[in-house]
Amino acid sequence: MTETTPSRRAVPLWIQIVIWVFLAGLLALVALGLSRRQQGTVQPGEVIDDFSLTFYSGYELDGKTEIKFSDLRGKVVVVNFWASWCKPCEQEAADLQQAWTEYAPTGEVVFLGVDYVDTEADARVYLKKFGITYANGADLATRISQYFRIKGVPETYFVDRDGVLRYVQIGPFSGVDQIREQIDLLLK
Amino acid sequence: MKAMIRTDVARNTKYAILFVLLAALLASIPVVSAQGPTPTDDDVNKIAKKLFCPVCENTPLDVCPTEACRQWREQIRQMLIEGKTEDEIIQYFIDTYGVRASGDPPNKIASYLIPVTAILLGTAFLLRALQMWKKPKAAESTVPAGEAKQVHQDEYFNKLEDELKKRK
């Protein structure tokens with residue numbers, strides 16, 4: 001009589017390949033997600049893709065109530081992300097408005113206020129409180145902030161005449177001089 | 001006579017009370033229909049529970065302590081007063097703040113299928129690894145066990161016989 005060990009059924013090769021390919025794909029997805037999270041905001045030197053912003057009623061730019069970013073080529077664009085619930089945004093609100101009143105008459109600079117995850121009623125109170133007149137609109141479905149990969153508010157992006165991002169300000173400005181400095185560099 | 005006066009007074013008082021009650025009721029009708037029922041915190045939180053704060057990760061809106069969440073809860077209350085349904089309110093939040101405001105992932109099949117498949121595959125791998133660990137290859141012997149025992153016994157037996165022969 002012989003003593004035999006029960007034989008193990010080998011998994012077919014094609015199943016093994018499918019499993020390993022699936023696992024590799026899963027790992028690649030996780031790695032991609034992690035790298036995206038750690039990527040930070042869009043970086044200076046990158047060309048900003050097109051996006052559209054619908055303004056709150058009462059706000060307009062060149063007579064339009066909605067703009068496409070690509071329509072602003074040839075102008076220096078300052079994109080400011082803010083929210084009414086954001087206390088640091090209040091620190092720079094008056095400085096941004098002052099800078100806008102200084103540069104608006106030149107016609108070479110555009111300020112865009114992008115209101116991040118906010119309620120319109122509270123946003124309006126905020127805009128009125130700081131007397132903000134430059135074009136402002138809600139970041140619907142957070143599409144714009146997702147594209148810029150913002151980490152919080154306030155954040156401000158300075159884009160040159162060719163649509164290339166040149167400077168990113170994380171957090172509030174120290175004063176109106178800091179805003180002027182960046183704009184003047186791009187106007188040269 | 002006194003009894004008649006007392007009856008009149010009682011009747012007048014009854015009419016006065018009825019008049020006051022009727023007047024109060026009439027006065028309250030337009031107020032109620034203009035305002036509608038004010039949603040309670042529970043009504044608001046019932047919907048807020050299904051939404052997430054898009055600023056702080058993984059925090060349901062009903063328990064989120066930030067100013068932003070307070071504003072959004074107020075927005076829910078306003079929409080309830082306007083007569084919006086739960087589905088309409090949730091859809092508004094998704095449209096305005098993006099899918100991450102909702103507890104439901106946008107691509108349900110991929111969101112549930114991938115982790116479930118990964119768990120199943122992982123479990124299968126683990127079980128297989130344990131199985132292999134328990135029964136290492138060395139256990140797979142092709143030598144008949146009885147024969148091996150026989151060989152071993154014969155050797156011993158031969159040795160014993162040799163020893164006995166020597167003693168003789």
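Tutor: Start with a term: buried means under 20% relative accessible area, exposed over 50%, and partly exposed in between, with a 1.4 Å probe and protein chains only. This is a predicted model: local features need pLDDT of at least 70, side-chain atom pairs count only at pLDDT 80 or more, and totals for chains, interfaces and linings use all residues. Residues are numbered from 1 along each chain as its sequence is written, chains are lettered from A and ligands numbered from 1 in the order written, and side-chain values use heavy atoms, without hydrogens and water.

Student: Which residues of helix α3 of chain A are buried?

Tutor: Helices (H or I, at least four residues) and strands (E, at least two) are DSSP runs, numbered from the N terminus. In α3 (residues 120–129) of chain A, the buried ones are A:Ala123, A:Tyr126 and A:Leu127. They sit on the same side of α3(A), because they cover an arc of only 95° around the axis, taken from the directions from the helix axis to the C-beta atoms.

Student: What does the face turned away carry?

Tutor: The exposed residues A:Ala121, A:Val125, A:Lys128 and A:Lys129.

Student: How do I read an aromatic pair?

Tutor: Rings of Phe, Tyr and Trp (its six-membered ring) pair if their centres lie within 6.5 Å; planes under 30 degrees apart are stacked, over 60 edge-to-face, the rest tilted. The structure holds 17 such pairs over all chains. A:Phe51 and A:Phe148 pair edge-to-face, 5.8 Å centre to centre with 75° between the planes. Both are buried.

Student: Which pair is tilted?

Tutor: One is A:Phe158 with A:Tyr167, at 55° between the planes. A:Phe158 is buried, at 0%; A:Tyr167 is partly exposed, at 25%.
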